[in-house]
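Have the structure open as you read.

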Amino acid sequence: MLLAIFLFVAPLSPATIATELTDAETFSFAVIGHPFRTGSDELALRTAIAQTDDENLAFVVANGIKSELEPCSDRLYQRRKALLNGAKNGLIVSPAGSDWVGCKNDVGRSTSFERLNRIRELFFADEFSLGDTRIPLNRQSTSPKFRAYVENARWEIGNIMFATLNLPGHNNHYNAEGGRNSEFEDRLIANKEWLQRIFVIAGQKKSDGIVLFCDGDPLAVQRRRVFDFNVKRDGFVEMRRAINALASTFPGKVLLIHGPPANTASAVTEVVWKKNVGDMEIASSWAKVTVDERTANYFFIDKQRN
């Protein structure tokens, strides 16, 4: 995103899936990187879904649903939902910045917040994943204070906690213009609460690992030159501090899987570890990741595809 158990040999009910996966020590999942690098790359997405359909996987996570150059229309959103929903494996969408951050109306005004809410309505309408094998999900929206944040979800397989975080790659949607960051500030509060909740629950369950899926890379520190005061404020700094602080007291492994920096098209190379925190970057390819709780790092990239 070797050895894997055949978890899904026939369509199963969500309750059966949860029961059977709980006992798994070794399993694999896939991550479809953001294939929308230029214009409409729906063929790349279709190919990735078809290839992951042929694999023995517990689930698939897709980073994003469209490119920046495609329209932010309901018609496109609905077409992409139908495509993703046709996957044979359970498929969880992790929103990307290109899905909503740059959306504008006919007169050039931003519609990002309205389009984000529309994506929430279409892609996160219930407590299950997309795909033929619908995986039960726990959403942050079950908390009344964070009812809007349906895209933040968590699920468990074996002794590993998985979760999505809405962290768009466009500097976490932080706007340099003063007084225009209410969306960023509200989502920051929600994401910090969600992250805290994930680690608390994983600690209570004595989970061996936590895997976080997001679009932007919260671990990357902005480089700036001395006396360069034009560098944009780092929109990920609070989340980076929170992740590092929580991981420092968590006894298991923490793996972050995210997209590449803007305007790059790098492929998956490896999982880079710093103490118990692993960093995996995936662009327009897809990767099969195997979880083996008997190995030192728990996670390794089993297969890469373009």
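Is E156 buried, partly exposed or exposed? E156 is partly exposed, with a relative accessible area of 33%; buried means under 20%, exposed over 50%, and partly exposed in between, using a 1.4 Å probe and protein chains only. A word on the ground rules: this is a predicted model, where local features need pLDDT of at least 70, side-chain atom pairs count only at pLDDT 80 or more, and totals for chains, interfaces and linings use all residues. Residues are numbered from 1 along each chain as its sequence is written, and side-chain values use heavy atoms, leaving out hydrogens and water.

The partner of E156 is R154, and their closest N and O atoms are 3.9 Å apart in a salt bridge (a side-chain nitrogen of Lys or Arg within 4 Å of a carboxyl oxygen of Asp or Glu). R154 itself is buried, at 13%.

The whole structure holds 19 salt bridges. Another of them pairs E42 with R79 at 3.1 Å. Because E42 sits in helix α2 (residues 42-53) and R79 in helix α3 (residues 74-85), this pair ties together parts 37 residues apart in sequence; helices are DSSP runs of H or I, at least four residues, and strands are runs of E, at least two, numbered from the N terminus. E42 is buried at 12%, while R79 is partly exposed at 40%.

Finally, look at H258 in strand β8 (residues 253-258). H258 is buried, with a relative accessible area of 2%.
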